[in-house]
Amino acid sequence: MRFGETLKISLFKFSEYQKLLLVRNFKTFLYLLFLSLIMVLGIAAKISPVYIHYGSIEKLCSEKLPEFIIKDGRLNCAPFTYDQPQAGVYIKIDPTIEGIGELPSGYPQAAVVTATDINIRNNYKLQHESFKDVPDFSNKSIVNFFAKYEKKLLIGAALLLFLIFAIRLACNALVYALLGYVANVILIHAPVSFGNAYKLSIFASTFAVLLNTLLSLVGLNAASTLMPIIILFYLIKGIMSCRMQDGIVIETLNADEENTDDTDEFMQ
């Protein structure tokens, strides 16, 4: 099966979802990587306006990063306070005091930085660091770092995100496959194995991934909450397509069909 036809069936041809079971495992893996690539490109498109405006991370840091210096275990910079109770975020930097700063209550995300210490609360997990354990550096050090390694860091970050998204999609597909398999055993009664349900769950993620990526570009994150519901809906419809109205299997997988499928060009 060609890639274009696979994509069309995954998006809206519920009645032909049984054909996706004929896609070889390697091509299914390539399809999962394709979905991961879409997610990476979505993030790249979201941050590209800022990157294009400044031209580089080096220039962004040079213009926006406040001046500071950490030397001999002490921080020297201008005081700064960021207080957003509705968002649950609090940040205070005050180099005029020393020791461990007290974190305010009621903020899931909070950080207090003094001349000698950093005290952080991240989702109610506390973390403390002392500047005496930090090597000397300043805002200029950060600018120089990005000037030297920016391209390698961008490539590395893109590859890391790609890997993370691929693993996350593969792991989430296991959960959806289990739920779909249980629904099939209890309600649908289609001759679909757990392995086939797992394969269908990868293709069933297509619309949810595209929708979440597009909406995130305009600042809407509602699709991330709806993704499990959308994927399960597609998966259930896909499993139902593996039966005729009278409950007989539409498509029977056999070695001849799989060998024929091998001759197709997946990315054509």
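Helices here are DSSP runs of H or I with at least four residues, numbered from the N terminus. With that in hand, take asparagine 184, which lies in helix H4, residues 139-188.

A word on the source. This is a predicted model, where local features need pLDDT of at least 70, side-chain atom pairs count only at pLDDT 80 or more, and totals for chains, interfaces and linings use all residues. Residues are numbered from 1 along each chain as its sequence is written, and side-chain values use heavy atoms, with hydrogens and water left out.

Back to asparagine 184. Is this residue buried or exposed? Asparagine 184 counts as buried because its relative accessibility is 3%. Buried means under 20% relative accessible area, exposed means over 50%, and partly exposed is in between, with a 1.4 Å probe and protein chains only.

What does asparagine 184 touch, leaving aside neighbours within four places in sequence? It is in contact (heavy atoms within 4.5 Å) with His189, Ala190, Val192 and Ile239.

Now the cysteines. Cysteine 61 is buried, because its relative accessibility is 13%. Cysteine 242 has 4%, so cysteine 242 counts as buried as well.

Terms used. Helix = DSSP H or I, 4+ residues; strand = E, 2+ residues; numbered from the N terminus.
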